[in-house]
Amino acid sequence: MAFPITRMRRLRMNETTRNMMRETSVSLNNLIMPLFSCTGNNVKNPINSMPGQYQLSIDNMVTKCKELVDLGIKSIILFGIPDHKDETGDCAADEHAIIPETIRAIKSQVPEMYIIADVCNCEYTVHGHCGTLLNGDVDNDSTIETLAKQCVAFANAGVDMVAPSDMMDGRVARIRQGLDDNGFKNLPIMAYSAKYASGFYGPFRDAAESTPKFGDRRSYQMDPANSNEAMREIELDIQEGADIVMVKPALPYLDIVRRAKDTFNIPICAYNVSGEYAMVKAAAANGWIDEKRIVSEIFTSIRRAGADMIITYHAEEAAKWGIVK
Ligand code: PBG
């Protein structure tokens, strides 16, 4: 039936029908807030390229978690900024390293907060690459050993979920084995499965002090041109035991999110990364866009593409503004 019998505008005429017809919703249950933990006391270092985001020492981190819980944000993903680094990133797995200490502090003072920990070596290596170097490149098989150790250390500290972001082959299986061997068979793994070698991580590397000292990450992160390869990465991670798979960045890769949703029956997370956040903040600071409206539209588009969860630096503000409930 076509015009004039059919008129698409009929159901757009008022708020009630618009609400009734809405296909996609976003709730605070879907949002995960990233936080950067550093050493020291009462530290709150602003991250220049990410207005509103800070490196927080553990005391301030605990306060921030209380505020988030009060706002209705129930989960965070933690990144660590250690005060010393080494060649392999092994220092991240010490029980007194920055992330285990942060996890214990939050769990003891804000037990209702669900803590996801990013698992990678790049914040902990002197060279800034995501693993152990051998002949100028990251060695896969020794790196996955360090990642499994890091996961067990985080699990011992009480983490609720681990999220490996390194893009080594076989790491999900190795981590699953490490967790199971240490009594953590119920601890879920959220795998950064389709993680692209992206310019959109620029501001994060300032925040986490993790820029590679030489070269780039293209020998482990994915080529932005590839979609079939992303499906293979996701399939392998599912076979290895991933409970959730992630696509990262989000907005330039919504086709990957949709394709993953249509192909696999598994929860999908999309990471709306630092560069995406910085662009919105910069345009908003210039008065060029309506930030609240844009953030709402970004969340909706990521959910519409098929993501169940969104990691977003806008989570706290979205809750404060009341644009997500
Ligand atoms: C660590 C890691 C990165 C991000 C999340 N985990 C940086 C990278 O791979 O260089 C990026 C997050 C963001 O840009 O917001 N490997």
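Visitor: Is Ser301 buried or exposed?
Guide: The structure shown here is a predicted model. In it, Ser301 has a relative accessibility of 12%. The limit for a buried residue is under 20%, so Ser301 counts as buried.

Visitor: Which backbone oxygen does the side chain of Ser301 reach?
Guide: Ser301 has its place in helix H10, residues 291-305. Leaving out residues up to four places away in sequence, Ser301 touches Leu251 and Leu254. At 2.8 Å, its side chain reaches the backbone oxygen of Ile298.

Visitor: What kind of aromatic pair do Phe36 and Phe204 form?
Guide: The count of aromatic pairs comes to eight. In the pair of Phe36 and Phe204, the ring centres are 5.6 Å apart and the planes are at 55°. Planes under 30 degrees apart would count as stacked and over 60 as edge-to-face, so this pair is tilted.

Visitor: How many residues apart in the chain are Phe36 and Phe204?
Guide: Phe36 is in strand S1, residues 31-38, while Phe204 is in helix H6, residues 202-208. Phe36 is buried at 1% relative accessibility, and Phe204 is buried at 14%. The pair links distant parts of the chain, and its separation in residues is 168.

Visitor: What kind of pair do the rings of Phe79 and Phe204 form?
Guide: Phe79 counts as buried, at 2% relative accessibility. Phe79 lies in strand S4, residues 75-81, and is 125 residues from Phe204 in helix H6. The ring centres are 4.9 Å apart and the planes are at 75°, so the pair is edge-to-face.

Visitor: Over the ring of which residue does the charged end of Lys248 sit?
Guide: Lys195 lies over the face of Tyr201, 5.5 Å from the ring centre. The charged end of Lys248 sits 4.5 Å from the centre of a ring, that of Tyr201.

Visitor: Why is Cys120 in no disulfide, and how far away is the nearest cysteine sulfur?
Guide: A disulfide is a covalent bond between the sulfur atoms of two cysteines. Cys120 and Cys130 are each buried, Cys120 at 1% relative accessibility and Cys130 at 1%. A disulfide requires sulfur atoms within 2.5 Å; Cys120 is therefore in none, because the nearest cysteine sulfur, that of Cys130, lies beyond that limit, at 3.5 Å.

Visitor: How many disulfides does the count come to?
Guide: Cys130 is also in no disulfide, its nearest cysteine sulfur being that of Cys120. The count of disulfides comes to zero.

Key
Residues are numbered from 1 along each chain as its sequence is written. This is a predicted model: local features need pLDDT of at least 70, side-chain atom pairs count only at pLDDT 80 or more; totals for chains, interfaces and linings use all residues. Side-chain values use heavy atoms; hydrogens and water are left out. Rings of Phe, Tyr and Trp (its six-membered ring) pair if their centres lie within 6.5 Å; planes under 30 degrees apart count as stacked, over 60 as edge-to-face and the rest as tilted. Helices (H or I, at least four residues) and strands (E, at least two) are DSSP runs, numbered from the N terminus. Buried means under 20% relative accessible area, exposed over 50%, partly exposed in between (1.4 Å probe, protein chains only). A charge sits over a ring if NZ of Lys or CZ of Arg is within 6 Å of the ring centre and within 35 degrees of the ring normal. A polar contact is a pair of N or O atoms within 3.5 Å; within protein, one must be able to donate a hydrogen and the other to accept it, and residues adjacent in sequence count only if both atoms are side-chain atoms. Contact means heavy atoms within 4.5 Å.
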